[in-house]
Amino acid sequence: QSPLVCLDSRNRQPFARVQWLGAIVEVPASKGSEPLSLTERLNQDMKSAMRSGDNRRRDVIRYLKAAVTNAAIEKRGDLDDAEVENIIRTQVKQRRDSIDLFRQGGRDELAAEEEEQIAILLEYLPAQLSHDELVELVRKTADELNVSTAKDMSRLMPALVEAAAGRAEGRTLSQLARDELARRSSEGASS
């Protein structure tokens, strides 16, 4: 049986899952190994979650696979990894919205459960940019576009979304952009 080759979600390096002494271990993939697509990886992770009895992971992946299948049916064809990543981002956003609602309703146990599901989903996305990296990205993009007021938000946001390339949430980018534009307009007003 050949090892499963996957793409590490953090640093995008191929690795293989192989069975060794009764356990499944991850090792760097050999040259020439083709990484699994996200859909194939979901299928393999679903099987391993079922074998190991990890019900939470199994349920999260099952729900995600259903969303991917529905999108493929709508498209009338297979989805590429970028489209699957967009579905995962949508799932993460839905869960974050649920967390907010659960916390407002005083249901912290349900919010904690949603956070655990988000952690599983984030394993399938590229590594997210840190807060400091995002602040630097916003400043650099604002400098490039020469924007300074809240009216420029409509020019800044599309450039930020493109520059972040899926490694940051839209709501985080939007908040940082608003903060940066407010800082720039207050600097401009005091000068």
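1. Ala-165 is exposed, with a relative accessible area of 51%, where exposed means over 50%, buried under 20% and partly exposed in between, with a 1.4 Å probe and protein chains only. Ala-165 is placed in the loop between α6 (153-164) and α7 (170-190), and although it is not a glycine, it has a positive phi of about 50°. Most residues other than glycine have a negative phi.

2. On the basis of these notes: this is a predicted model, in which local features need pLDDT of at least 70 and side-chain atom pairs count only at pLDDT 80 or more, while totals for chains, interfaces and linings use all residues. Residues are numbered from 1 along each chain as its sequence is written, and side-chain values use heavy atoms, with hydrogens and water left out.

3. The secondary structure comes to seven helices and three strands, taken as DSSP runs numbered from the N terminus (helices H or I, at least four residues; strands E, at least two). Along the sequence the elements follow the pattern β-β-β-α-α-α-α-α-α-α.

4. Arg-76 lies in the loop between α2 (55-75) and α3 (81-104), and is exposed, with a relative accessible area of 77%.

5. Helix α1 (residues 38-52) has 15 residues and reaches 20 Å from its first C-alpha to its last, close to the 21 Å expected at 1.5 Å a residue; the expected span is 1.5 Å times one less than the number of residues. Its buried residues are Leu-38, Arg-41, Leu-42, Asp-45, Met-46 and Ala-49. These cover an arc of only 140° around the axis, which puts them on the same side of α1, the arc being that of the directions from the helix axis to the C-beta atoms. Just after α1, Gly-53 takes a positive phi of about 80°.

6. The largest nonpolar core has 20 residues, and those with the most contacts inside it are Leu-64, Val-84, Ile-88 and Tyr-124. Helices α1, α2, α3 and α4 (108-122) each supply at least two residues of this core. A second, separate core of 16 residues includes Val-138, Val-147, Leu-156 and Leu-173. A nonpolar core here is a set of buried Ala, Val, Leu, Ile, Met, Phe, Trp, Tyr and Cys residues joined through side-chain atoms within 4.5 Å.

7. Gln-117, in helix α4, is buried, with a relative accessible area of 13%; leaving aside neighbours within four places in sequence, Gln-117 is in contact (heavy atoms within 4.5 Å) with Val-60 and Arg-95. Thr-141, in helix α5 (residues 131-145), is buried, with a relative accessible area of 5%, and, with the neighbours within four places again left aside, is in contact with Leu-156, Ala-159, Leu-160 and Ala-163. Thr-141 and Ala-163 are 22 residues apart in sequence and 8.2 Å apart in space, C-alpha to C-alpha.

8. For the chain overall, buried residues make up 31% of the 191 residues. Among contacts between residues at least 6 apart in sequence, 55% join residues at least 24 apart. The chain exposes about 11900 Å², of which carbon and sulfur atoms supply 50%, with areas from the Shrake-Rupley method with a 1.4 Å probe, only the protein chains shown counting as cover for residues.
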